[in-house]
Amino acid sequence: VEDGEHKFNFNMQVFKSETFDNPFRTSDYPISVFPSELLYFGLFVDTSLPGYVMFAETCFATPSPDPQATPRYPIIDNGCNVDESLTVYDTSPLEFQFSISSTQFQTENMVYVHCRMIVCMEDDSQSRCAQGCIEPDSLNRNRRRRSQDGGEARRQALMKQGPILILHEKDDDQIVLWSAIACVLGIAYPAICTAAICFWCARRRRAKRTKNKEENICDGNINMGFVKSS
């Protein structure tokens, strides 16, 4: 994103743990999780200019890449935390890291997470970033203050990550089977065919990881270096 001669690079990643030091790579997608697992997200803005902060105004999930798709699962709305499972971690002014439970997606087979990020001047007390959470019934929504530098509209982006597959232990195979049959018969939407392929790939990767772990245990190759003492 460019604001005059200045550039702001927006980025969104999904991480493997709360340490936020090991993001999923492009080749790792689709990511697969069970409804009880946590998802870790990081939002970042890269710029050479000092004196700016980033604000996550809105985050939500949809069952497709389209941000207008329904149903829509709100995570952050107008700067307010609405997902009860949401945990926000301490970061630098141009970063925002959070985790959510995938429980709310248990009725879906696949979701994409979208976030709108806004960059403001750090010393602008009237910026959208400085306003923080704006409640739906708050008068502040109708009396929103004007930013001093007027560049916030240009310094924002709607990012997304996915697909994230929600695995259901008992009915995964049936979903993949019937989706595949529908694709072969030509009676399924392209999105359903894509979901079936994604499920199949994810299950193969998960099965392979499980097999490798079992082989390591059987061979006695157990590395206890990662175990933290209580």
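A disulfide is a pair of cysteine sulfur atoms within 2.5 Å. In this predicted model, the count by that rule comes to three disulfides. C80 and C133 make one of them, with their sulfur atoms 1.8 Å apart. The torsion about the S-S bond of C80 and C133 is about 90°, so this disulfide is right-handed. C80 belongs to strand β8, while C133 sits in the loop between α1 (128-131) and β12 (156-166), so the bond ties together parts that are 53 residues apart in sequence.

C80 has a relative accessible area of 6%, so C80 is buried. C133 has 38% relative accessibility and therefore counts as partly exposed.

Strand β8, which holds C80, leads on to the sheet. Strands of a sheet pair through backbone hydrogen bonds, either parallel or antiparallel. Here six strands form an open sheet with mixed pairing, and their order is β4-β12-β11-β6-β7-β8. The edge strands are β4 (31-33) and β8 (80-81), each of which pairs on one side only.

Strand β6 covers residues 52-62 and strand β11 covers residues 110-121; the two run antiparallel and are joined by 10 bridges. Within this pairing, A61 of the chain stands opposite V113 in β11.

C59 and C115 form it, and their sulfur atoms are 2.1 Å apart. C59 lies in strand β6 and C115 in strand β11, so that the link joins distant parts of the chain, 56 residues apart. The angle about the S-S bond is 115°, and the link of C59 and C115 is right-handed. Both C59 and C115 are buried.

The remaining pair to describe is C120 and C129, joined by a disulfide with an S to S distance of 2.0 Å. The link of C120 and C129 has 80° about the S-S bond and is right-handed. C120 is buried, and C129 is buried as well.

Methods
Residues are numbered from 1 along each chain as its sequence is written. This is a predicted model: local features need pLDDT of at least 70, side-chain atom pairs count only at pLDDT 80 or more; totals for chains, interfaces and linings use all residues. Side-chain values use heavy atoms; hydrogens and water are left out. Two strands pair if DSSP finds at least two bridges between them. Helices (H or I, at least four residues) and strands (E, at least two) are DSSP runs, numbered from the N terminus. Buried means under 20% relative accessible area, exposed over 50%, partly exposed in between (1.4 Å probe, protein chains only).
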